[in-house]
Amino acid sequence: MAEPRAARAAAFAALGAEPFDLLIVGGGINGAGIARDAVLRGLRVAIVEQGDFGSGTSSRSSKLIHGGLRYLEQGHVGLVLESVRERERLRRLAPHLVRPQRFFVPVYEDGPVGFYKLAAGLWAYDLLAGWWNVHRHKMLRAGKAREAEPGLRS
C-alpha cells in the first residue's frame with residue numbers, strides 16, 4: 001500500500017487528469033448524497049475529503065432528516081417546501097435508512113414559544129407539507145401531556 005502522502009498526491013493528480021462537472025468538497029452524508037444524486041443525473045463527479053469518507057460529521061450526526069419546521073418560523077416558506085420534498089425523496093429512495101420519528105415538544109408559559117404560536121406554526125406547516133407530510137401534528141392539553149410523559153415539568 002502506498003504511503004498516505006503519495007496516495008494523496010496521486011489522487012490529486014488524477015483529479016486534474018479527467019474533466020468532471022461537479023466538485024464536492026466534503027465526503028460526509030451531505031457530500032455523498034449530493035454526489036449520488038448528481039451521478040444519477042448523468043454528471044461526472046469528484047469528491048475531495050480531508051479525512052476518510054464518513055469519518056467526520058457523518059459519524060457524529062444526529063442522523064435526523066428534518067422537514068424544515070424551523071424555516072417556517074424564519075419565514076422561509078420555499079425552504080420548507082424544498083425540505084419536505086427532499087425528505088420524502090430520501091424516504092422513497094432509502095426506506096431501510098429513513099423512517100418517520102415522532103417528537104414531543106412541551107410548551108410552557110415561560111417558554112420561548114407560546115401555545116398559540118406553536119399551534120399556528122404547526123397548522124401552517126401541515127398545510128405547506130401537504131402531500132409530503134409524514135404525520136399531521138397533534139397537540140395535547142397539559143393533563144394528557146403529563147399522562148403521556150410523566151417526567152415533564154408541571
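Reader: To begin, how is the lining of the second largest pocket divided by class?

Author: The lining of the second largest pocket has eight nonpolar residues, two polar and two charged. Here Ala, Val, Leu, Ile, Met, Phe, Trp, Tyr, Cys and Pro count as nonpolar, Asp, Glu, Lys and Arg as charged, and the others, Gly among them, as polar. Please note that this is a predicted model, in which local features need pLDDT of at least 70 and side-chain atom pairs pLDDT 80 or more, while totals for chains, interfaces and linings use all residues. Residues are numbered from 1 along each chain as its sequence is written, and side-chain values use heavy atoms, with hydrogens and water left out.

Reader: How much space lies in that second largest pocket, and which residues are closest to its centre?

Author: The second largest pocket holds about 290 Å³ of space. Its lining comprises 12 residues, and those closest to the centre are Ala7, Arg8, Ala11, Phe12 and Glu49. A pocket is an open set of points on a 1 Å grid where a 1.4 Å probe fits, with protein on both sides within 12 Å along at least five of seven lines; lining residues have an atom within 4 Å of a point.

Reader: Which element supplies the largest share of that lining?

Author: Helix α1 does, with six residues. Both α1 (4–17) and β2 (45–48) supply at least two residues each. Helices (H or I, at least four residues) and strands (E, at least two) are DSSP runs.

Reader: Is Val25 buried or exposed?

Author: Val25 is exposed, since its relative accessible area is 70%; exposed means over 50%, buried under 20%, and partly exposed in between, with a 1.4 Å probe. Val25 belongs to strand β1 (residues 22–25).

Reader: How many salt bridges does a search of the whole structure find?

Author: The search finds six, each being a side-chain nitrogen of Lys or Arg within 4 Å of a carboxyl oxygen of Asp or Glu. One of them joins Lys117 to Glu73, with the closest N and O atoms 3.3 Å apart. Lys117 is in helix α6 (residues 115–129) and Glu73 in helix α4 (residues 69–73), so this pair ties together parts 44 residues apart in sequence.

Reader: What can you say about Glu88 and Arg91?

Author: Their side chains meet in a salt bridge of 3.1 Å, N to O. Glu88 and Arg91 are separated by about one helical turn, because they are three residues apart in helix α5 (residues 77–93). Glu88, at 21% relative accessibility, is partly exposed, and Arg91, at 25%, is partly exposed as well.

Reader: And which residue does Asp110 pair with?

Author: Asp110 forms a salt bridge with Arg153 (3.4 Å, N to O). This pair links distant parts of the chain, 43 residues apart: Asp110 is in the loop between α5 and α6, and Arg153 in the segment after α7 (142–148). Asp110 counts as exposed, at 61% relative accessibility.

Reader: Where does Pro112 lie, and how far is Pro112 from Leu23?

Author: Pro112 lies in the loop between α5 and α6 and is exposed at 83% relative accessibility. The C-alpha atoms of Pro112 and Leu23 are separated by 41 Å, the two residues being 89 residues apart along the chain.

Reader: Finally, is Asn133 buried or exposed?

Author: Asn133 counts as buried, at 15% relative accessibility, and lies in the loop between α6 and α7.

Note on methods. Points joined across faces, edges and corners; volume = space filled by probe spheres on them.
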